[in-house]
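Here is a short note to read beside the structure. Please keep the model open and find each residue as you go.

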Amino acid sequence: MVGLQLPEYAPEKFVNRYDEIELITQKVRALAEGRPVEKRTVVFVGERGVGKSWLLDHLQAILPRQFRDLKVLRLDLKAYVDEDPAWAVADMIQRLSIETGGPGERLGPDLATMSRRLMEHLRGILRKSILLLLMDHVHESNWNLLPLLEDYLLGPLAAEPRVLIIMTGRGRLYPWKTPELRLKADFKDLLPFQRPEETQAQLEQQAYKALPQAPEIHTLSQGNPLANYLLGTLGVLEGLDRVVEEILEPVPADRRRQVREYLEALCVLNAFDEERIPEMLATYYRDDSYRQWTYAQARQVREELIRWAFARWNADAGGYILDPVVRRLIEEYLKKAQPEKWRALQRAAQDMYTRWAREFARTRERWQKEAAYHHRSLQPASM
Amino acid sequence: MPDSSGVPEWLRWAGFRFDPFGQLDAAADPHLNEYLVGHEVFARVWGDGISWVFAPAGGGKTALRISVMQACWVGQETNRPFPIPYVPPFLAWGHARPSEEEHLAAIARAGTIALFLTMAYRPHWFFRMDQPERQHTVEMFRWNLPGPLSVYLERCRLRGDPQVLSDVLDPAFVLRHSPNPEVLRDWCDAVEAASRETPTPSPLERWSLLKELLLETIGFPALYILLDGLDGAPETISDPTAVADCLAPLLRLTEGWAKEKVFLKAFLPGEMQISLVERFPDLFGPAYISTIHWTPDLLAEVVRRRVYVATEGAFGSLDALASPALRDLETLLAKTVIPPTPREMLVLTRRMLEEHVRISGSNGLIREEDVENAIRWYLSTVRYHDKV
């Protein structure tokens with residue numbers, strides 16, 4: 001593994017995201033001018049490496065320069081992953097109090113009191129200022145923490161007309177019960193860069209030596225900024241390997257290799273579930289015993305992939321899907337580094353779906369389509 | 001009553017954190033707001049304005065009303081609207097033409113019950129009042145609660161849990177995060193200490209004073225009067241004119257209230273829509289009306305959303321627990337139910353799971369025959385034949 005450090009955010013390294021910045025700027029401007037803003041929560045959803053945290057960094061850097069009465073606060077839920085939820089929420093409440101000039105000593109004996117005192121303090125601030133709360137890694141955080149966070153911090157804040165909440169997240173979306181956080185929120189997909197010129201602009205700022213390879217990098221990365229940087233800096237094969245490792249960064253080190261193997265085994269499928277997992281693992285490990293796996297064993301694999309937000313249920317696909325860019329990058333790596341294994345997985349998938357199409361009359365058409373997809377993938381033109 | 005069907009065990013095996021199909025009574029379901037579908041109707045109802053929502057029985061009116069209440073109760077503070085659930089008692093009593101005064105007395109009572117219960121969970125609202133404000137609040141309790149205040153306070157002291165109050169005053173009232181028993185007992189003592197004998201004013205005055213207390217003293221930004229329960233009495237549905245007669249005195253007040261930040265939001269049986277619109281054309285303008293139409297797609301979403309919430313987002317469809325022989329399971333069920341309402345959809349879904357457990361036990365994937373058996377049962381039941 002190459003000891004390459006990922007670049008830290010700096011305003012001059014930031015490219016693109018004009019629409020997202022404009023959206024937030026317009027909302028802040030409306031509040032600054034005393035106009036009501038109906039949707040005061042914005043949720044940016046996107047896969048790992050797409051630039052969610054950098055977008056928050058950039059908003060934090062540029063907006064206070066444009067709006068004098070704006071107070072920007074930042075919370076990163078990744079910092080609370082292993083903490084007790086009640087302690088974590090108390091810590092966040094306390095931090096917001098301190099950062100807005102409120103009491104530094106503990107606000108109360110319990111969350112209810114702390115929440116109330118914070119809101120009393122913030123009401124005074126909000127008479128003169130607008131508050132912009134930037135929250136990173138929200139949906140992929142501990143779901144035992146989020147109900148407390150909602151009841152004692154986000155819910156009360158979301159009701160305040162001069163508070164704007166920007167959240168980022170990936171994977172499963174948490175079902176907030178506060179209308180302002182879900183039903184009346186703006187949900188925006190933060191997509192990878194769509195045009196090769198955008199990848200080129202990024203490489204100019206961050207890896208200019210790779211500029212001549214910008215079109216190829218864009219095709220491989222599908223515009224994912226993290227992948228652009230690593231492919232541009234390390235070259236294709238090493239870069240893809242490192243991208244996969246970076247994608248796995250949220251997974252504890254002792255599980256990383258195993259999770260990577262699961263992702264490699266499943267990356268050829270458009271969708272998977274507990275019925276398909278044993279077949280693909282049997283092929284990946286060349287070990288028939290996986291075919292005897294129980295539903296519960298397969299479920300552990302699925303749960304682990306969902307836990308780390310690499311997969312989610314997709315109704316249209318009729319199964320769990322891997323994050324499209326993650327899937328593409330892992331499949332590209334496998335295709336290049338272990339082409340035989342990739343072909344074996346494609347063939348196994350084709351055989352499985354052909355068998356299902358034969359056995360299950362009601363769902364035949366769906367499985368026939370999947371079998372045809374894998375058949376096409378194995379044709380020389382697709383490889 | 002414990003569920004002996006085996007379905008809860010199967011749901012646990014399948015990775016559900018709780019049973020999202022067991023609770024057909026929306027009012028008692030603490031997760032209701034999380035699995036709300038039909039967002040556009042909620043979005044129209046939520047906010048400072050008059051709203052009329054029409055839907056058939058079992059079509060989600062009470063679920064929507066409870067969702068609005070739960071949304072009002074988020075947080076510990078008074079920066080959200082205060083909800084007053086109002087189920088007019090008159091039709092159930094066979095008294096079809098209540099006066100304005102009778103409505104106001106009933107609303108003052110409903111509003112006071114809501115305030116009393118909410119304060120038991122949020123005693124800090126009371127503790128931060130000065131003495132005259134406390135006395136004024138306690139007067140409201142004494143004038144409008146259905147029983148003697150001292151009896152409620154005594155029960156509360158003994159149990160140390162505000163739920164003892166909702167059990168007797170409004171079982172549909174579900175608020176989380178009770179204060180600790182000591183704080184609750186302090187609140188009971190403080191309420192009792194602020195009590196004084198004063199003559200009970202007229203309903204009009206009581207309602208006026210309650211509005212003032214909620215909007216000015218406590219400082220809620222608005223009051224939402226949530227009118228519901230009109231299809232609870234059988235005669236209501238068969239005679240829309242009687243309901244219009246019953247509501248007429250109340251409806252005449254709504255526009256004036258809106259100027260005072262008091263908004264009526266009514267959840268009404270679909271059968272009444274034509275009659276009310278004809279009789280009160282100015283009030284029932286299209287901008288205020290939302291009609292809940294249940295399509296098979298939306299009904300399928302009712303089940304999917306419940307699956308998503310109960311599995312904490314792990315999956316969003318029973319397809320994840322079905323054999324490869326089955327896909328789009330919810331749509332298959334949704335196309336069967338008549339009338340197309342969430343209640344019917346949940347009945348059929350639940351039955352499918354019961355069929356599965358009956359044949360296969362509390363584990364294993366849902367199979368074609370489980371679905372076919374459930375549909376066969378549904379089509380043979382009175383609930384189906386009565387409605388075709």
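1. **A pair of helices in chain A.** H3(A) and H4(A) are roughly parallel to each other, because angles under 35 degrees count as roughly parallel. This is a predicted model. Helix H3 covers residues 85-99 of chain A, and helix H4 covers residues 111-128. The angle between them is about 20°, and their axes lie 10 Å apart. Their crossing is left-handed. On the H3(A) side, the contact involves Ala86(A), Val89(A), Ala90(A), Ile93(A), Gln94(A), Leu96(A) and Ser97(A). On the H4(A) side, the residues are Leu111(A), Met114(A), Ser115(A), Leu118(A) and His121(A).

2. Look at helix H4 (residues 100-121) and helix H10 (residues 203-218) of chain B. Their axes come within 8 Å. They cross at roughly 35°. Which hand does the crossing of H4(B) and H10(B) have? It is left-handed. H4(B) brings residues including Leu104(B), Ala105(B), Ile107(B), Ala108(B), Gly111(B) and Leu115(B) to the contact. From H10(B) come, among them, Pro203(B), Leu204(B), Trp207(B), Leu210(B), Leu213(B) and Ile218(B).

3. H17(B) packs against helix H18 (residues 368-380) of chain B. The angle is about 130°, and the axes are 8 Å apart. That makes H17(B) oblique to H18(B). The crossing is right-handed. The H17(B) residues in contact include Glu344(B), Val347(B), Leu348(B), Arg351(B), Met352(B) and Ile359(B). Among those of H18(B) are Glu369(B), Val371(B), Ala374(B), Ile375(B), Trp377(B) and Tyr378(B).

4. Check the bond from Ile338(B) to Pro339(B). It is cis, with omega near -10°. Pro339(B) sits in the loop between helix H16 (329-334) and helix H17 (342-360) of chain B.

5. Over all chains, the structure holds 34 aromatic pairs. Take Tyr174(A) and Trp176(A) as one example. Their ring centres are 4.7 Å apart and their planes stand at 75°, so the pair is edge-to-face. Are these two buried or exposed? Tyr174(A) is buried, at 9% relative accessible area. Trp176(A) is buried too, at 1% relative accessibility.

6. **An aromatic pair across chain B.** Trp46(B) and Tyr224(B) also form an edge-to-face pair. Here the distance is 5.9 Å centre to centre, with 85° between the planes. The pair links distant parts of the chain, 178 residues apart. Trp46(B) lies in the loop between helix H2 (39-45) and strand S1 (51-55) of chain B. Tyr224(B) belongs to strand S3 (residues 223-227) of chain B. Trp46(B) is buried, with a relative accessible area of 7%. For Tyr224(B) the value is 1%, so this residue is buried as well.

7. **Charges over rings.** Lys265(B) lies over the face of its ring, 4.6 Å from the ring centre. The charged end of Arg307(A) sits over the ring of Trp308(A), 4.5 Å from the centre.

8. Which residues form one aromatic cluster? Phe272(A), Trp313(A) and Tyr320(A) come from chain A, and Phe16(B), Phe21(B) and Phe315(B) from chain B.

9. **Positive phi values.** Asn16(A) is not a glycine, yet its phi is positive, about 70°. Asn16(A) lies in the segment before helix H1 (18-32) of chain A. It is buried, with a relative accessible area of 13%. Arg286(A) also has a positive phi, near 50°. Its place is the loop between helix H11 (277-285) and helix H12 (295-307) of chain A. Arg286(A) is exposed, with a relative accessible area of 76%.

10. **A buried loop residue.** Phe67(A) lies in the loop between helix H2 (52-66) and strand S2 (70-76) of chain A. It is buried, with a relative accessible area of 9%. What does Phe67(A) touch, not counting residues up to four places away in sequence? The partners are Thr25(A), Val28(A), Arg29(A) and Ala32(A). Phe67(A) and Arg29(A) are 38 residues apart in sequence, and 7.7 Å apart in space from C-alpha to C-alpha.

Methods: Residues are numbered from 1 along each chain as its sequence is written. Chains are lettered from A and ligands numbered from 1 in the order in which they are written. This is a predicted model: local features need pLDDT of at least 70, side-chain atom pairs count only at pLDDT 80 or more; totals for chains, interfaces and linings use all residues. Side-chain values use heavy atoms; hydrogens and water are left out. Rings of Phe, Tyr and Trp (its six-membered ring) pair if their centres lie within 6.5 Å; planes under 30 degrees apart count as stacked, over 60 as edge-to-face and the rest as tilted. Buried means under 20% relative accessible area, exposed over 50%, partly exposed in between (1.4 Å probe, protein chains only). Helices (H or I, at least four residues) and strands (E, at least two) are DSSP runs, numbered from the N terminus. A charge sits over a ring if NZ of Lys or CZ of Arg is within 6 Å of the ring centre and within 35 degrees of the ring normal. Axes are lines fitted to C-alpha atoms, for helices over the stretch in contact, and angles run from 0 to 180 degrees between N-to-C directions. Angles under 35 degrees count as roughly parallel, over 145 as roughly antiparallel, 65 to 115 as roughly perpendicular and the rest as oblique. A crossing is left-handed if the near helix is turned anticlockwise from the far one by less than a right angle, and right-handed if clockwise. Contact means heavy atoms within 4.5 Å.
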